[in-house]
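This report describes the fold, the packing and the confidence of one protein chain. The sequence and the model come first, and the description follows.

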Amino acid sequence: MIRRVLAVAALTAAGVLAAPGAASAHVTVQADTTAPGATATLTFSVPSESATAATTVLAVRVPASLTRLDPAPRPGWTARVAAGTVTWTAAPGRGVRPGATGRFALRAGPLPPGPLALPATQTYDDGRVVAWNEQAADGTEPEHPAPALTVAAAAPRAHGAPAAGGDVAPRTPAGAWWAPAAAPAAGGAGGG
């Protein structure tokens, strides 16, 4: 009887502790710079929240003010820019595995000042589609928040310092902004 009570208590505690992690598993975006007018590398973190299905498509809507769009290649995936949307599509068997998180990079600019929402649609190989497009209202986080960041005014720079928005990512000899060594390895975390 005592073992059963302890087991139930342990499972209940595990469920309570796991709940915040599950609630925070959203598609998010980080930028290497948030200076207005800059071209930034935006990295989308995409958790495959399904226990049984892999993420096979990520589509991100971008505002018309972002006129320079260059998605980074990802092994086993294709990337396409069309009609204000950047779409990454996995080859068969190459999706972001259940429980893993994929990273998708996009070089974009010029960044407009202020809040920047980048609604995303995540598609699983079982056909389920999750729209990450909701905006926060009255300080509460929605169930499916849109990936977003705030583009802040540039800090004053020292005389002779490079201007914000310059090339912050390495260039390969072919002139691409992404470095092939930075691409996720096949079979690594995120399902390649």
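Two strands are taken to pair if DSSP finds at least two bridges between them. Strands of a sheet pair through backbone hydrogen bonds, either parallel or antiparallel. In this predicted model, an open sheet is built from four strands in the order β1-β2-β7-β4, with antiparallel pairing. Its edge strands are β1 (28–31) and β4 (68–71), each of which pairs on one side only. On average, neighbouring strands of the sheet are turned by 25 degrees against each other, direction ignored.

Strand β2 covers residues 40–47 and runs antiparallel to β1, to which it is joined by four bridges. Within this pair, Q30 stands opposite T43 of β2.

The chain as a whole contains one helix and 11 strands. Among contacts between residues at least 6 apart in sequence, 68% join residues at least 24 apart. Of the 192 residues, 36% count as buried. The accessible surface comes to about 10,600 Å², and carbon and sulfur atoms account for 62% of this area.

**Packing**

The largest nonpolar core has 29 residues, and those with the most contacts inside it are L42, F44, L58, V60, W88, F104 and L118. Two or more residues each are given to this core by β2, β3 (55–61), β6 (85–90), β7 (101–109), β9 (120–124), β10 (129–132) and β11 (148–151). Strand β2 supplies the largest share, four residues.

Which residues does L58 contact, leaving aside its neighbours within four places in sequence? They are F44, V46, V86, T87, W88, F104, A120 and T121. Of these partners, F44, W88 and F104 are also listed, like L58 itself, among the residues with the most contacts inside the core.

**Confidence**

The average pLDDT of the chain is 77, and 67% of the residues score at least 70.

Conventions
Residues are numbered from 1 along each chain as its sequence is written. This is a predicted model: local features need pLDDT of at least 70, side-chain atom pairs count only at pLDDT 80 or more; totals for chains, interfaces and linings use all residues. Side-chain values use heavy atoms; hydrogens and water are left out. Buried means under 20% relative accessible area, exposed over 50%, partly exposed in between (1.4 Å probe, protein chains only). Contact means heavy atoms within 4.5 Å. Accessible areas come from the Shrake-Rupley method with a 1.4 Å probe; for residues, only the protein chains shown count as cover. pLDDT is the predictor's confidence in each residue, from 0 to 100. Axes are lines fitted to C-alpha atoms, for helices over the stretch in contact, and angles run from 0 to 180 degrees between N-to-C directions. A nonpolar core is a set of buried Ala, Val, Leu, Ile, Met, Phe, Trp, Tyr and Cys residues joined through side-chain atoms within 4.5 Å.
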